[in-house]
Amino acid sequence: MTRIQRDGVELTEAREGTLMDEQENILGQLTAMARTFRRWIIDQSFRSQVGHIGSALSIVDIMAVLWGSVMRDAGTQLSNRDRFILSKGHASLALYCALRWKGLLDEATFNTYCSDGSRLGVHPEHFLEGVDLSTGSLG
């Protein structure tokens, strides 16, 4: 077997043609991740009657690729981790989806989005695990 790296993704090539199969598998996983994020964003926006749904939906594919295959140890406390700063804080629901997908946010907490007393507001706050910087104000 040969291990190679393409576009920041490590792949294993066992025989001719396998690399393409692996890339298609990764693409399928990222597509499923993005589809799940869209469903979660719509569900949470509807439940809470809050949310900048357009802002969150507009970055779903980017979030899936970054959090699903590009960023290293994002959301952890490791010193050499990749850091993600959501400058468009109104899209926080997409970030919360990524944190949930990576296991950094449990479903029960995720389901408190914009509820009274929730740690998950319309803008991300740095005290939440996986959020390195509070963002949101456009002015």
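This is a stop-by-stop tour of the structure above.

**Before you start**

The model is predicted: local features need pLDDT of at least 70, side-chain atom pairs count only at pLDDT 80 or more, and totals for chains, interfaces and linings use all residues. Residues are numbered from 1 along each chain as its sequence is written, and side-chain values use heavy atoms, with hydrogens and water left out.

**Stop 1: the whole chain**

Show the protein as a cartoon. Five helices and two strands make up its secondary structure. Read from the N terminus, the order is β-β-α-α-α-α-α. Helices (H or I, at least four residues) and strands (E, at least two) are DSSP runs, numbered from the N terminus.

Of the 139 residues, 37% are buried. Buried means under 20% relative accessible area, exposed over 50%, and partly exposed in between (1.4 Å probe, protein chains only).

Contacts come next. Contact means heavy atoms within 4.5 Å. Among contacts between residues at least 6 apart in sequence, 53% join residues at least 24 apart.

**Stop 2: the nonpolar core**

Select Phe37, Met63, Trp67, Leu95, Tyr96 and Leu99. These have the most contacts inside the largest nonpolar core, a set of 31 residues. Such a core consists of buried Ala, Val, Leu, Ile, Met, Phe, Trp, Tyr and Cys residues joined through side-chain atoms within 4.5 Å. Helix H1 (18–48), helix H3 (60–70) and helix H4 (92–101) are the elements that give two or more residues to this core.

**Stop 3: helix H3**

Colour Val60, Met63, Ala64, Trp67 and Ser69. These are the buried residues of H3. Look down the axis: they line one face of the helix, because they fall within an arc of 170°. The arc is that of the directions from the helix axis to the C-beta atoms.

**Stop 4: helix H4**

Move to H4. Nine of its ten residues are buried, so the rest of the structure largely encloses H4. Cys97 is among the buried ones, at 0% relative accessible area.

Pick Ser92, also in H4. Ser92 is buried, at 0% relative accessibility. Beyond four places in sequence, Ser92 touches Leu86, Tyr113, Gly121, Val122, His123 and Pro124.

Next, Tyr96. Just after H4, find Gly103, with a positive phi of about 85°.

**Stop 5: Leu120**

Leu120 sits in the segment after helix H5 (107–110). Leu120 is buried, at 1% relative accessibility. Outside four places in sequence, its contacts include Tyr96, Thr109, Thr112 and Cys114.

**Stop 6: two positive phi values**

Most residues other than glycine have a negative phi. Gln49 has a positive phi, near 60°. Gln49 lies in the loop between H1 and helix H2 (53–58) and is exposed, at 63% relative accessible area.

Cys114 also has a positive phi, about 60°. Cys114 is in the segment after H5 and is partly exposed, at 24% relative accessibility. While on cysteines: the structure has zero disulfides, a disulfide being a pair of cysteine sulfur atoms within 2.5 Å.

**Stop 7: salt bridges**

The model has four salt bridges. Each is a side-chain nitrogen of Lys or Arg within 4 Å of a carboxyl oxygen of Asp or Glu.

- Arg38 and Asp61 meet at 2.9 Å, N to O. Arg38 is in H1 and Asp61 in H3, so the pair ties together parts 23 residues apart in sequence. Arg38 is partly exposed at 30%, and Asp61 is partly exposed at 45%.
- Asp132 and Arg81 have their closest N and O atoms 2.8 Å apart. Asp132 lies after H5 and Arg81 in the loop between H3 and H4, so the pair ties together parts 51 residues apart in sequence. Asp132 is partly exposed at 30%; Arg81 is buried at 11%.
- Glu107 and Arg100 have their closest N and O atoms 3.7 Å apart. Glu107 is partly exposed at 48%, whereas Arg100 is buried at 17%.
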